[in-house]
Amino acid sequence: MSELKRTGLYDLHLELGAKMVPFAGYEMPVQYPLGVMKEHLHCRAQAGLFDVSHMGQVILRAKSGVVDDAALALEALVPVALLELKEGRQRYAMFTNDAGGILDDLMVANRGDHLFLVVNAACKQADIAHLRANLSETCEIEEITDRALLALQGPAAEAALGGVVPGGVAGMKFMDVAVLASGFGDLWISRSGYTGEDGFEISVAAGHAEALARALLANDAVEPIGLGARDSLRLEAGLCLYGNDIDETTTPVEAALSWAIQKARRAGGARAGGFPGADRILKELAEGPARLRVGLRPEGRAPMRAHTALFADAEGGAPVGEVTSGAFGPSIEGPMSMGYVPAALAAEGATIYGEVRGKRLPATVTALPFRPSTYKR
Amino acid sequence: MKYTEEHEWLRVEDDLVVVGITEHASTQLGDVVFVELPEPGATVSKDDEIVVIESVKAASDILAPVDGEIVEVNEALVDNPGLVNEDPLGDAWFFKMKVEDLSALDDFMDEEAYKAFIE
């Protein structure tokens, strides 16, 4: 196994008492002394600071200098409408393969003369190779390696970040992006995140990252949050973890991500199809997929974790699906899972059975998110 | 108080063996979110998996430390699993066992030996 990489905040994590674990090739904090449960609840009540510097930051610039050309080029790799993405706005997208599966999910922002992409850590080298292989003729693809990425999430995030950005960030809405000057250099800020909370993701020059993190943590409302709570927060928010809930074998339609495929890319749209796997994805949009990602609320308190086999009945029969993520939800005070079930069993309120330690336990198909999100629309 | 290599503590109270997990174990587990207890009256053998604990991180089992009969379980843990983190050595006992011969406990570690074991 190759040596684990460290983010620029590694020493700070140790100083804060983090327990470090390997994640996507990096040594990352899984929890701090507060512990997973309290970190989760703190983020929902006040604000949490996450080091997400392991994620990939990529600039995609059309050789023509026109951002629309970069948008059109990238549309060849994602089933998402990017030409309509306005300057200063960000959109969720996914790279698909020829079978309609998902290679990675990502954020795409229009920053005036170029697109800014944030991709998953585990996929970033493959994503960049994929972009270079397909878009090099028309675009320049630049991986940003000299900037850290922080996420500040929770109801107190706006005030805490406002404290270090002179003009404040109150004017930004969910999925807005901006470059704002600060005492820590230019910050590339998006009002987004992966917790279901209002909050921000902040790209900061590596040399200023630790100072910015310390300045944010100096605010009494802000606690550092590890990967453990990041996972329970995103799961309560109904958000997919790449590699668990979505991968090369799941299509966006099966994954209940059809909302991310805008009209322009669907049958009859201005730029229908034209992305890898379009045949299958457009067919599934029209006819419905064979299986669907759903939320599950197990009865009782026992969590149904990833890979729990799902059954249609309390006894007998072969498995009809599998849990892809499962944990205890500190804010909903009960267990929660996501998994794939046949479309016929995906109706809200349906009962499905998960086999936990040899026993089939009932779970109810539940609308996602498990907890209403509090984005600033 | 005696200690097992499975990080259980054993305390004799009114001729019954009371079993819980150590502070070290509760810290390692992280926040406990689910506890499944055996049925009172169950006859168990040493090393049977008789309690399931799920924390925010993973599921683990508690083994019967010796042969015997479960006479009482701590139902409070079912409604409030977090007690295992708050008071592992006190209120968060898991079950009480009747055993034939209390001298079976002599083989387990005392506090000093357990402290050395976890270092």
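Chain B contains four helices and nine strands. The model shown in these views is predicted.

**View 1. Overall build of chain B.** Read from the N terminus, the elements of chain B follow the order β-β-β-α-β-β-β-β-β-α-α-β-α. The C-alpha trace of chain B extends over about 35 × 35 × 20 Å along its principal axes. Among the contacts in chain B with a separation of 6 or more, 59% come from residues 24 or more positions apart.

**View 2. The six-stranded sheet of chain B.** An open sheet is formed by six strands of chain B, ordered E1-E2-E3-E9-E8-E5, and its pairing is antiparallel. Strand E1 (2-3) and strand E5 (43-44) of chain B are the edge strands, each pairing on one side only. Within the sheet, strand E2 (residues 8-13) and strand E3 (residues 16-21) of chain B are joined in the antiparallel sense by six bridges. Leu10(B) has Val19(B) in E3(B) as its bridge partner. Strands of a sheet pair through backbone hydrogen bonds, in either a parallel or an antiparallel manner.

**View 3. The E6-E7 hairpin of chain B.** Strand E6 (residues 49-55) and strand E7 (residues 59-63) of chain B pair over five bridges in the antiparallel sense. The link from E6(B) to E7(B) is a hairpin of three residues. Ile53(B) finds its bridge partner in E7(B), namely Ser60(B). In a regular strand, side chains alternate between the two faces of the sheet.

**View 4. The surroundings of Asp91(B).** Asp91(B) lies in the loop between helix H3 (83-86) and strand E9 (95-98) of chain B. Leaving aside residues up to four places away in sequence, Asp91(B) touches Asn74(B) and Leu83(B). Ala76(B) is 15 residues from Asp91(B) in sequence, and their C-alpha atoms are 8.8 Å apart in space.

**View 5. Surface and charges of chain B.** Chain B carries 7 positive and 31 negative charges, whose mean positions are 4 Å apart.

**View 6. Overall build of chain A.** Chain A has eight helices and 19 strands. Its radius of gyration is 21 Å, close to the 21 Å given by the globule rule for 377 residues, so chain A is as compact as a globular protein of that length. The C-alpha trace of chain A spans about 65 × 50 × 45 Å along its principal axes. Of the 377 residues, 57% count as buried. Residues 24 or more positions apart provide 65% of the contacts in chain A with a separation of 6 or more.

View 7. Asp176(A) is placed in the loop between helix H5 (157-162) and strand E10 (177-180) of chain A. Asp176(A) counts as buried because its relative accessibility is 16%, under the cut-off of 20%. Apart from residues up to four places away in sequence, Asp176(A) touches Gly88(A), Arg89(A), Gly171(A), Ile189(A), Ser190(A) and Arg191(A).

**View 8. Surface and charges of chain A.** Chain A exposes about 14900 Å², of which carbon and sulfur atoms supply 52%. The 36 positive and 46 negative charges of chain A have mean positions 3 Å apart.

How values were computed
Residues are numbered from 1 along each chain as its sequence is written. Chains are lettered from A and ligands numbered from 1 in the order in which they are written. This is a predicted model: local features need pLDDT of at least 70, side-chain atom pairs count only at pLDDT 80 or more; totals for chains, interfaces and linings use all residues. Side-chain values use heavy atoms; hydrogens and water are left out. Two strands pair if DSSP finds at least two bridges between them. Helices (H or I, at least four residues) and strands (E, at least two) are DSSP runs, numbered from the N terminus. Contact means heavy atoms within 4.5 Å. Lys and Arg count as positive and Asp and Glu as negative; His and the chain ends are not counted. The place of a charge is taken as NZ of Lys, CZ of Arg, CG of Asp or CD of Glu. Buried means under 20% relative accessible area, exposed over 50%, partly exposed in between (1.4 Å probe, protein chains only). The radius of gyration is taken over C-alpha atoms; the globule rule is 2.2 Å times the number of residues to the power 0.38. Accessible areas come from the Shrake-Rupley method with a 1.4 Å probe; for residues, only the protein chains shown count as cover.
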